[in-house]
Amino acid sequence: MAKFTRIEVAQKMKETGMIPVFFHKDLDVCKQVLKATYDGGARVFEFVNRGDFAHEVFGELIKWAATETPEMILGIGSVVDAPTTALYIQLGANFVVSPIMNPEMAKVCNRRKIAWSPGCGSLSEISQAEELGCEVVKIFPGQQVGGPDFVKAVKGPFPWSSIMPTGGVKPERENLTEWFNAGVHCVGMGSQLMIKDADGNFDLEAIKNKTKEALTIIAELRG
């Protein structure tokens, strides 16, 4: 069962402004990366449903996180159908993110009052998602659908929309400035945040510092 309500999820997404997005088949690696982002200040984390037995890794990770990173709101991403949505909700996912807009997923999430962020690429999809109860809409792939200019254009007729781009977001001041000036609710950040060392291993200290740096920039941009 989810530990955080969908209202708490939406508020914390906005409060922190950045959500690390990550998958690895090794549970220990997931724990280390989750803890590194947590120590860097992240409080919302999207584990990606990608790869064999991803749900088993998530099930163990969320139990571990409840004790080791108690303030972290852990959710699931890259879910595209209702049955998989139900599976992850049963495992304790606090929110569900999708690269597509699937109304059947909305029904499952709304029945359990779980935050749902579908991937949208047009005003029509955004409007439909909100009609189905979505609070924070994901635009994906963020850069390819139009980047910050797309967000700015959407916010004209839809000033009430809360938008989270994923794809094309970088932990750099110039890039973050463009997104937040356009009016995003928060941003999702994957590979750009997950720094590796010369041997190809995840550099946990660098990930922690980069997370902290990005969150500091976002806080400054919001004034």
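**Exercise 1. Two helices, α1 and α9**

Helix α1 (residues 6-16) and helix α9 (residues 204-222) pack with their axes 9 Å apart, at an angle of about 90°. Classify the angle between α1 and α9, then find the residues that make the contact.

*Solution.* Start with the model itself. It is predicted, so local features need pLDDT of at least 70, side-chain atom pairs count only at pLDDT 80 or more, and totals for chains, interfaces and linings use all residues. Residues are numbered from 1 along each chain as its sequence is written, and side-chain values use heavy atoms, with hydrogens and water left out.

Step 1. Helices (H or I, at least four residues) and strands (E, at least two) are DSSP runs, numbered from the N terminus. Axes are lines fitted to C-alpha atoms, for helices over the stretch in contact; angles run from 0 to 180 degrees between N-to-C directions.

Step 2. Apply the cut-offs. Under 35 degrees is roughly parallel, over 145 roughly antiparallel, 65 to 115 roughly perpendicular, and the rest oblique. Therefore α1 is roughly perpendicular to α9.

Step 3. List the contact (heavy atoms within 4.5 Å). Helix α1 gives Lys14, Glu15 and Thr16; helix α9 gives Leu215, Ile218 and Arg222.

Step 4. Sort by class. Ala, Val, Leu, Ile, Met, Phe, Trp, Tyr, Cys and Pro are nonpolar; Asp, Glu, Lys and Arg are charged; the others, Gly among them, are polar. The contact of α1 with α9 has 2 nonpolar, 1 polar and 3 charged residues.

**Exercise 2. A second pair, α7 and α8**

Describe how helix α7 (residues 147-155) and helix α8 (residues 173-182) cross, and name the residues in contact.

*Solution.* Step 1. Take the geometry. The axes of α7 and α8 come within 8 Å and cross at roughly 10°. So α7 is roughly parallel to α8.

Step 1. Name the residues. On α7 they are Gly147, Pro148, Val151, Lys152 and Lys155. On α8 they are Glu178, Trp179 and Ala182.

Step 2. Sort them. The contact of α7 with α8 holds 4 nonpolar, 1 polar and 3 charged residues.

**Exercise 3. The cores**

How many residues has the largest nonpolar core, and which have the most contacts inside it?

*Solution.* Step 1. Define the core. It is a set of buried Ala, Val, Leu, Ile, Met, Phe, Trp, Tyr and Cys residues joined through side-chain atoms within 4.5 Å. Buried means under 20% relative accessible area, exposed over 50%, and partly exposed in between (1.4 Å probe, protein chains only).

Step 1. Read off the answer. The largest core has 59 residues, and Phe47, Leu176 and Val187 have the most contacts inside it. Apart from this core lies another, of 13 residues, including Val44, Phe95, Val97 and Val136.

Step 2. Look around Phe47. Beyond four places in sequence, its contacts include Phe22, Cys30, Phe58, Leu74 and Gly75.

Step 3. Turn to Gly75. Glycine 75 lies in strand β3. It is buried, at 0% relative accessible area. Beyond four places in sequence, glycine 75 touches Phe45, Glu46, Phe47, Phe58, Asn94 and Phe95.

**Exercise 4. Cysteines**

How many disulfides does the whole structure have?

*Solution.* Step 1. A disulfide is a pair of cysteine sulfur atoms within 2.5 Å. The search finds 0.

Step 1. Check cysteine 134. Its nearest cysteine sulfur, that of cysteine 120, is 6.6 Å away. Cysteine 134 is buried, at 6% relative accessible area.

Step 2. Compare cysteine 30. Cysteine 30 is also buried, at 1%.

**Exercise 5. Backbone and loops**

Which peptide bond is cis, from phenylalanine 140 to which residue? Then find where serine 78 and lysine 113 lie.

*Solution.* Step 1. Recall the background. Most residues other than glycine have a negative phi, and most peptide bonds are trans.

Step 1. The bond from phenylalanine 140 to proline 141 is cis, with omega near -15°. Proline 141 sits in the loop between β7 (136-139) and α7.

Step 2. Serine 78 has a positive phi, near 60°. Its loop joins β3 and α4 (82-90). Serine 78 is partly exposed, at 21%.

Step 3. Lysine 113 has a positive phi of about 55°. Its place is the loop between α5 (103-111) and β5 (115-117). Lysine 113 is exposed, at 55% relative accessibility.
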